[in-house]
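Visitor: Hi! Could you walk me through this one? I'm new to reading structures.
Guide: Happy to, here it is.

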Amino acid sequence: MCGIVGYVGPKPVVPIIVEGLRRLEYRGYDSAGIAVGSAGAEKLAILRAPGKLRNMEDALRTQPLQGSYGIGHTRWATHGRPTEENAHPHRDCTGRLVVVHNGIVENYLELKHELTARGHRFVTETDTEIIAHLIEEIAREAEDCGHPLALEDAVRRAVGRLSGAFALGVLSSAEPDKIVAARLGPPVVIGVGDGEAFIASDVPGILHHTRDLYFLNDGDMAVLTRSGVRLTDFDGQPVERKLQRITWDPIQAEKGGFKHFMLKEIWEQPRAIRETTMARVSQESGHVFLDEAGLSDAQLRAVSSVQIAACGTSWHAAIVGKYMIERLARVPVEVDYASEYRYRAPLADANALGMVITQSGETADTLAAQREMIALGLPTVAICNVVGAMVTREATGTIITHAGPEIGVASTKAFTAQITALLLFALRLAQARGSVSDTESLRLVEELGRIPARIEEMLPRISAQCEELAKTFSHARDFLYLGRGIHYPIALEGALKLKEISYIHAEGYPAGEMKHGPNALIDESLPVVVLATQDSADAGSKLRYEKTLSNLQEVTARSGRVIAVAVEGQGEIASLVERVIEIPRAPEMLLPLLEIVPLQLLAYHIAVRRGCDVDQPRNLAKSVTVE
């Protein structure tokens, strides 16, 4: 969740670290700090500040630091309040060694009591400070015995004493121009340059300096020096990791003239859908190519059920995928919150398939669910946005969503890319099983190819509409979102977007369940967003639409204020509701890709009007890498 950036090399270290931390602000944080060293300096120089990164930058202007190696950190408080004292990096007793840490040390109290008894003095409330003192103690004991340890060996022994999850970056002025990194849980990426090396907790932090990255596995350590990077496991044995070439354009991680990253990413959704589809479909036959999923036609034909685990927005995409897979491939699908999957003693037959969906590929709960699937003997397919992320390395196969870097905490383009990937998987599974005709496959592929242009056409118009709606509804205390069938998870996602960034309580509900409770909430002050779309060529869709109209009238009869999302030409809705947002026509299974756009924009414009921090909402982090 927190941000780490470190550098060893010939360039001034402070600007590189500060710039990198700035690019990782989207991960969420409440304090920041930096430590730098140079050859010959007895101690490492540290500067920290609570609050936003700009507070640390202001301090650096009055207390400039210089060095040839260093590390910085943005902290999201777990142990201890968000104060300057508790901000990272943390020192040992000597001030010659510092540690930055993402994660949680579960046995920190036990270690703290042990180290206190040995004379160590602690000055913070954090679990991270214990790590610095533990490394110091291990190194001191070895030196007293006449067997001094290199920094990486002391770190290696220390991580063997830690319980929990951690990504570590360690510096010592006794060994200048060196950073030692270790991973067990939260992500660590190592960048390689010409006579320089980088460490970061996520790709955008160092992408402006190098595209050649190692992604550490759990149990990996890295030693970074000017001469290169050495990788070992926690036992000191050399390991090989593939050097990944990241193809993201760094400009994609900039706002590009938009007021917020979130707005930019909403407008990037047509490109994300195109690039996730590109080279995976035949526009002539409708055939889908997903060799990277790692499953042959014979294996796909044998699949008896699919179990999907995901968190947050990815869970909503998974529910959309359930409708797609069951309708096209006629295979039953279970969808779990990843945080619940391994705690319910899941059952799986010999031919079940596991699937995990995650933007970052490093979400702790999703990784845990994937490992539970593997332990049950399930092959797993990962849908992920980051090449080389941990979830992709443990999967049987991966479908990469080519959304590019997503900086806004509230996911937008990653969601639509995930739905696109799920549709492609559903079609591929259906084609292997013979449950979809060539005609239907080709029709869906052709219609999917038209979706990006339709979104591009509607974006300016709908953004203006939502900005106007925000003037009327930004003071509401509650919202209700309604949908049926495949549109119900879009209602859930719309409600999530609103509460994430505007702090308005919002709830998504199946439209057919209104009589079973939610009707009690409706009064003249409650805005209700209803997904009242239809595919007129689909009999099931027409029936769903008619039932939804009945639900809509239940709301208006109780003075609820209805905002309807409808397809063009549904003129009858205008007389029934307060506002209508029209989207282009599309087949039933593709309507979610269009419906979500106005819900994202409505949440965005309401949040802006309320003065909220759209890109970095309070109490949230982009990538949740601890349970």
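Predicted model: local features only at pLDDT ≥ 70, side-chain atom pairs only at ≥ 80, totals over all residues.

Visitor: Thanks! At what angle do helix 9 and helix 15 pack?
Guide: Helix 9 (residues 312-329) and helix 15 (residues 488-502) pack at about 170 degrees, with axes 9 Å apart. Axes are lines fitted to C-alpha atoms, for helices over the stretch in contact, and angles run from 0 to 180 degrees between N-to-C directions. Helices (H or I, at least four residues) and strands (E, at least two) are DSSP runs, numbered from the N terminus. The two helices are therefore roughly antiparallel, a label for angles over 145 degrees.

Visitor: Which residues of helix 9 and helix 15 make the contact?
Guide: Helix 9 brings G312, T313, W315, H316, I319, V320 and Y323, while helix 15 brings P489, I490, L492, E493, L496 and K497. Contact means heavy atoms within 4.5 Å.

Visitor: New topic: is V13 buried or exposed?
Guide: V13 is buried, with a relative accessible area of 1%; buried means under 20%, with a 1.4 Å probe and protein chains only. V13 lies in helix 1 (residues 13-23).

Visitor: And what does V13 touch?
Guide: Leaving aside residues up to four places away in sequence, V13 touches Y7, V36, G67, S68, Y69 and G70.

Visitor: Where does Y69 point from strand 4?
Guide: Y69 points one way together with I71, H73 and R75, while G70, G72 and T74 point the other way. Seven of the seven residues of strand 4 (residues 69-75) are buried, so the strand is largely enclosed by the rest of the structure.

Visitor: Which strands pair with strand 4?
Guide: Strand 1 (residues 3-8) pairs with strand 4 in the antiparallel sense over six bridges, and strand 2 (residues 31-37) runs antiparallel to strand 4, joined by seven bridges. Two strands pair if DSSP finds at least two bridges between them.

Visitor: What's the strand order in the open sheet?
Guide: Eight strands follow the order 3-2-4-1-10-9-11-14, with antiparallel pairing. Strand 3 (45-50) and strand 14 (244-245) stand at the edges with a single partner strand each, so one side of each has no neighbour in the sheet.

How values were computed
Residues numbered from 1 in each chain as written. Heavy atoms only, no water. Parallel < 35°, antiparallel > 145°, perpendicular 65-115°, else oblique. Buried < 20%, exposed > 50% of the residue type's maximum accessible area, 1.4 Å probe, protein only.
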